[in-house]
Amino acid sequence: MLLKKTYLRQENSQESEPDLLIAVTREVSAALERCELSYMPRTSIDVGLARRQHRAYREALETLGCRVVALPELPEQADSVFVEDTAVVLDEVAVITRPGAESRRIETESMARALAEYRELVTIDAPGTLDGGDVLRVGHTLYVGRSARSDREGIAQLAAATAAYGYKVVPVETRGCLHLKTAVTQVAPGLLLINPAWVDRRAFEEVDFLEVDPAEPHAANAVRLPGGVIYPRSFPRTRERLAGRRVPVVMVDMSETEKAEGGVTCCSLIFRSRA
Ligand code: CIR
């Protein structure tokens with residue numbers, strides 16, 4: 001599959017100028033082995049390999065047209081490579097979250113400083129909790145996982161912060177997985193990749209579904225960009241299913257961050273800017 005290294009025009013854009021996509025990432029922490037784990041056993045993590053894989057991931061983002069912002073390592077913050085959980089960045093506003101894991105709340109301070117350059121900021125405040133990994137945007141609908149990390153109050157605050165911009169927030173029950181986007185992500189216009197064991201497809205309106213291979217329960221997490229998806233090498237059977245639906249794929253090896261219960265979406269915050 002040939003993928004041009006170019007800044008691609010967004011779907012439905014009415015503007016004459018092409019949109020530039022920014023992907024904010026953060027270097028893998030030296031403390032990654034001390035990460036939070038909810039559903040996976042702790043196994044040894046090779047931080048050097050994780051950093052090499054993360055570099056290849058950043059290159060994949062560039063290949064698919066993003067300008068990558070690589071924030072410096074936070075050596076004490078084990079999970080800080082998983083930037084997705086710290087914010088929900090929309091065209092109009094960035095919502096700085098209050099992560100459900102207490103150990104991760106401090107990560108939002110430096111992310112707020114980084115995002116202030118691009119967006120007006122609003123915050124999820126105590127006692128609400130919200131992880132960006134629970135927020136799946138499909139057009140102007142924000143599906144939000146009701147998980148161990150995102151509670152009713154956090155979801156209500158997200159709805160209040162985004163209603164004025166025309167977003168509808170739809171809470172979705174999850175079971176057996178960390179975040180909503182562990183169970184479902186968008187891989188093409190109107191097409192969701194889903195593990196139906198972890199989320200009920202009836203929660204989603206007017207979309208088509210592609211199910212993960214049952215032998216690959218973690219395979220529903222993909223990063224969607226205009227030219228295709230960034231997808232983990234760990235899930236070859238589901239990758240075949242994507243090929244069957246003609247979804248262009250750039251493969252990445254994320255074995256080390258996978259051991260920390262992170263998927264590919266977790267490692268970036270992607271949003272539009274102007275060239
Ligand atoms: C955590 O438990 O918070 C991290 N070890 C993994 C976070 C993964 N983030 C994501 O799915 N958005």
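Predicted model: local features only at pLDDT ≥ 70, side-chain atom pairs only at ≥ 80, totals over all residues.
I begin with a single residue, serine 29. Serine 29 sits in the loop that connects strand S1 (19–26) with helix H1 (47–63). Is serine 29 buried or exposed? Its relative accessibility is 0%, and because buried means under 20%, serine 29 counts as buried. What surrounds this residue? Setting aside neighbours within four places in sequence, serine 29 is in contact with Val47, Arg51, Glu73, Leu74, Pro75, Glu76, Gln77, Ala78 and Ser80. One of these contacts, glutamate 73, is 44 residues away in sequence, yet the C-alpha to C-alpha separation from serine 29 is 5.5 Å.

Let me turn to the sheet formed by S3, S4 and S5. This is an open sheet of three strands in the order S3-S4-S5, and its pairing is mixed. Strand S3 (87–89) and strand S5 (121–123) are at the edges; each has a single partner strand, so one side of each lacks a neighbour in the sheet. From one strand to the next, the twist averages 20°. Helix H2 packs on this sheet and touches S3, S4 and S5, with its direction at about 165° to that of S4. Between S3 and strand S4 (residues 94–96) there are three bridges, and the pairing is antiparallel. Within that pair, alanine 87 lies opposite isoleucine 96 of S4.

How many residues of helix H2 are buried? H2 spans residues 107–115, and seven of its nine residues are buried, so the helix is mostly covered. The buried set consists of Glu107, Thr108, Ser110, Met111, Ala112, Ala114 and Leu115.

Next comes a hairpin. Strand S6 (residues 135–138) and strand S7 (residues 141–146) run antiparallel and are joined by four bridges. Arginine 137 of this pair faces leucine 142 in S7. The hairpin has two residues between its strands, and glycine 139 adopts a positive phi near 60°.

I move on to the sheet of S9, S10 and S11. Here three strands form an open sheet, ordered S9-S10-S11, with mixed pairing. Strand S9 (184–188) and strand S11 (208–211) are the edge strands, each pairing on one side only. On average, and ignoring direction, neighbouring strands of this sheet are turned by 35° against each other.

The two pairings can be taken in turn. S9 and strand S10 (residues 191–194) run antiparallel, joined by four bridges. Valine 184 has isoleucine 194 of S10 as its bridge partner, and glutamine 186 stands opposite leucine 192 in S10. In the hairpin of S9 and S10, which also has two residues between the strands, glycine 190 takes a positive phi near 70°. S10 and S11, by contrast, run parallel, again with four bridges. Isoleucine 194 faces glutamate 211 in S11.

Which way do the side chains of S10 point? In a regular strand the side chains alternate between the two faces of the sheet. In S10, Leu191 and Leu193 point one way, Leu192 and Ile194 point the other way, and all are buried. Helix H5 (residues 236–244) lies across S9, S10 and S11 and runs at about 145° to S11.

Finally, I come to the empty space in the model. Rolling a probe the size of a water molecule over the atoms shows where such space is left. The count gives one cavity of 30 Å³ or more. The largest cavity has a volume of about 110 Å³. Of the 14 residues that line the largest cavity, Phe82, Arg104, Leu178, Ala260 and Glu261 lie nearest its centre. By class, the lining of the largest cavity comprises five nonpolar, three polar and six charged residues.

The second largest pocket holds about 250 Å³ of space. Its lining has 18 residues, and those nearest the centre are Thr182, His218, Glu261, Gly262 and Gly263. Six residues in the lining of the second largest pocket are nonpolar, eight are polar and four are charged.

Terms used:
Residues numbered from 1 in each chain as written. Heavy atoms only, no water. Buried < 20%, exposed > 50% of the residue type's maximum accessible area, 1.4 Å probe, protein only. 1 Å grid on protein atoms, 1.4 Å probe; cavity = no way out; pocket = protein on both sides within 12 Å on 5 of 7 lines; lining within 4 Å. Points joined across faces, edges and corners; volume = space filled by probe spheres on them. Nonpolar A, V, L, I, M, F, W, Y, C, P; charged D, E, K, R; others polar. Pairing = 2+ DSSP bridges. Axes fitted to C-alpha atoms, helices over the stretch in contact; angles between N-to-C directions. Contact = heavy atoms within 4.5 Å.
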